[in-house]
Amino acid sequence: MRFLFDQTAEGGTYLGWLMSGLCWTLLLWFVSGMFAFAIGITVGAARTVRYLPLRIAARIYVQVFRNVPLLVQVFLWYFVLPEVIPTAWGNSIKQVAPPWASFYPAVAGLSLYTASRIAEQVRAGINALSDGQKKAADALGLTAFQTYLLILLPQALRITIPTLTSEALGLLKNTSVALTIGLLEITARAEQINEFTFRTFDAFASATVLYLLIALVLHQVAFQVERMLRIPGVSQNNAVRK
Amino acid sequence: MSFDFAAVLNATPYLLQGLLFSAELTLVAMIGGMLLGTFMAIIRHMRVPVAAEAIRAYVTLMRSIPLILVLFWFFFLVPLLLGHLTPAGRSIPLGPKFTAFITFTLFESAYYAEIVRAGLKAIDKGQYEGAKALGLSSLTMYWSVVVPQVLRVTAPIIVSQTIILFQDTALVYVLSLTDFFGAAAKIAQRDSKLVEFYSTVAVVYLLICSMGSELSERFRKKQGYRSPRGRFERAKRMFGIARP
């Protein structure tokens, strides 16, 4: 692994390349994750409301964004969007500086795709709650918004923590798709190191170890969160795992 | 802003060829992955010493790293490894097509193994005991009694996983292969008709995968999960929530 400290063509070290890749992966993961979480919860809740048009809209959202491959979605945001919107806007999008020019489309693709998957799990979580919860909220005179915010979502989200964890892990892996539009994240950096040094094994092994480490940390955090949020007296050990 | 979808029509034969490759890759990876995955799940279920642990490590590793990275591993490294085995010590290129088939089969087998393993655990203990009481060998027990039931129970999840697999085959783009997406990307870049080709590709994938989702949903309904009563029973089993 000594090669990690060798000088690159740009003057830094290969370790520096990997670390910069790590930063991009983590940033992309975090930003897309936050958006995906927010959109996913909203859409998932919308799929269970009484108002039909909202339910249909949410269903269409999930259907579309889950059934188009992530790679294609990222390409649509990167290549197609600037062409189909008014020319002035398209031009201003094209003028964004390089790393961010691929970062934003990647965030759009990853968060909307992941949101459609999270929505399905949130919906399953809400449906798994007893009907009595909704009826009691109605009887107390809560508005629909209050019912979701105060009664249904807090319980449903607790149930879905294990699947949300695996979604977070899936999102981490999916961030590597961003390399196809030129974002130099971990996998892209590993490939680049391979090209420059021909240390094929070392390059890809370093990337693999980085992914494994992040996954390990994520599992630990998720476990702690699950324990912190557990409702006393309700067993959630056997919560749904897909 | 004018779009020329006639270009897409002209390229249809090429695109169809690509689609055929995508389908081929999906089919091979699904069948190979299911066979290998079932085999691995059974070994883990039987708790075969060493092998069960090795498979657990393999499945965890495959499920923690991105598919693109796995594709790179196989594309760049396996030729070098094979080269070490031959007397000449020269690397043997596998070619991107072969790499794709091998990688997808091995990668998907890890996911199928987890699905089948969950299914094996969900089968009633009496089935195993009954098979043993009848004097069936372990092989017959799994092959004729347990696995057929597991496949029925896990059918919806297997179908959804296969849809994901079909979507993932687009990633062979990084090996410059001509699958459906690769074919479209090549012509789109040659003719600079990005909008037309990429939107067509998106719609076709949407249609195919929607049909797959519909199939998965049918299987799920067939199992009676959708009736309110069934839903409650299932929720109770899964979450251990008592009726208030």
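Residues are numbered from 1 along each chain as its sequence is written, while chains are lettered from A and ligands numbered from 1 in the order in which they are written. Because the model is predicted, local features need pLDDT of at least 70 and side-chain atom pairs count only at pLDDT 80 or more, whereas totals for chains, interfaces and linings use all residues.

Turning to chain A, its secondary structure comes to nine helices and zero strands, where helices (H or I, at least four residues) and strands (E, at least two) are DSSP runs, numbered from the N terminus. Along the sequence, the pattern reads α-α-α-α-α-α-α-α-α. The C-alpha atoms of chain A fill a box of roughly 70 × 50 × 25 Å along the principal axes. Chain A has 242 residues, and buried ones make up 40% of them; a residue is buried if 20 or more other C-beta atoms lie within 10 Å of its own, exposed if 12 or fewer, and partly exposed in between, with C-beta atoms placed from the backbone. Of the contacts in chain A between residues at least 6 apart in sequence, 76% join residues at least 24 apart.

Confidence can be followed along the chain as well. The average pLDDT of chain A is 89, and 95% of the residues score at least 70; pLDDT is the predictor's confidence in each residue, from 0 to 100. Among the elements of chain A, α2(A) has the highest mean pLDDT (95) and helix α4 (residues 87-94) the lowest (85). Over residues 237-242 of chain A, pLDDT stays under 50, and the model has 13 contacts beyond four places in sequence for this stretch. Where pLDDT is low, the predicted coordinates should not be read in detail.

Two helix pairs of chain A illustrate the packing. Helix α1 (residues 14-46) and helix α8 (residues 186-197) of chain A pack at an angle of about 160 degrees, with their axes 7 Å apart. Axes are lines fitted to C-alpha atoms, for helices over the stretch in contact, and angles run from 0 to 180 degrees between N-to-C directions. α1(A) and α8(A) are therefore roughly antiparallel to each other, given that angles under 35 degrees count as roughly parallel, over 145 as roughly antiparallel, 65 to 115 as roughly perpendicular and the rest as oblique. Their crossing is right-handed; a crossing is left-handed if the near helix is turned anticlockwise from the far one by less than a right angle, and right-handed if clockwise. From α1(A), the contact involves A:Y14, A:W17, A:L18, A:G21, A:L22 and A:T25, and from α8(A), A:I186, A:A188, A:R189, A:Q192 and A:I193. These residues divide into seven nonpolar, three polar and one charged.

In the second pair, helix α2 (residues 52-67) and helix α5 (residues 98-128) of chain A pack at about 125 degrees, with their axes 8 Å apart. That angle makes α2(A) oblique to α5(A), and the crossing of α2(A) and α5(A) is left-handed. Here A:Y61, A:V62, A:F65 and A:R66 of α2(A) meet A:L112, A:Y113, A:S116, A:R117, A:A119 and A:E120 of α5(A). By class, this contact has six nonpolar, one polar and three charged residues.

Within α2(A), A:R66 counts as buried, with 23 C-beta neighbours inside 10 Å. Leaving aside neighbours within four places in sequence, A:R66 is in contact with A:S116 and A:R117. A:R66 and A:R117 are 51 residues apart in sequence, yet their C-alpha atoms are 6.7 Å apart in space.

Finally, two loop residues of chain B deserve a look at their backbone angles. B:V50, in the loop between α2 (12-45) and α3 (51-64) of chain B, has phi near 65 degrees, a positive value in a residue other than glycine. With 7 C-beta neighbours inside 10 Å, B:V50 counts as exposed. B:S192, in the loop between α8 (180-191) and α9 of chain B, has a positive phi near 40 degrees. B:S192 is exposed, with 8 other C-beta atoms within 10 Å.

Key:
Contact = placed C-beta atoms within 7 Å. Nonpolar A, V, L, I, M, F, W, Y, C, P; charged D, E, K, R; others polar.
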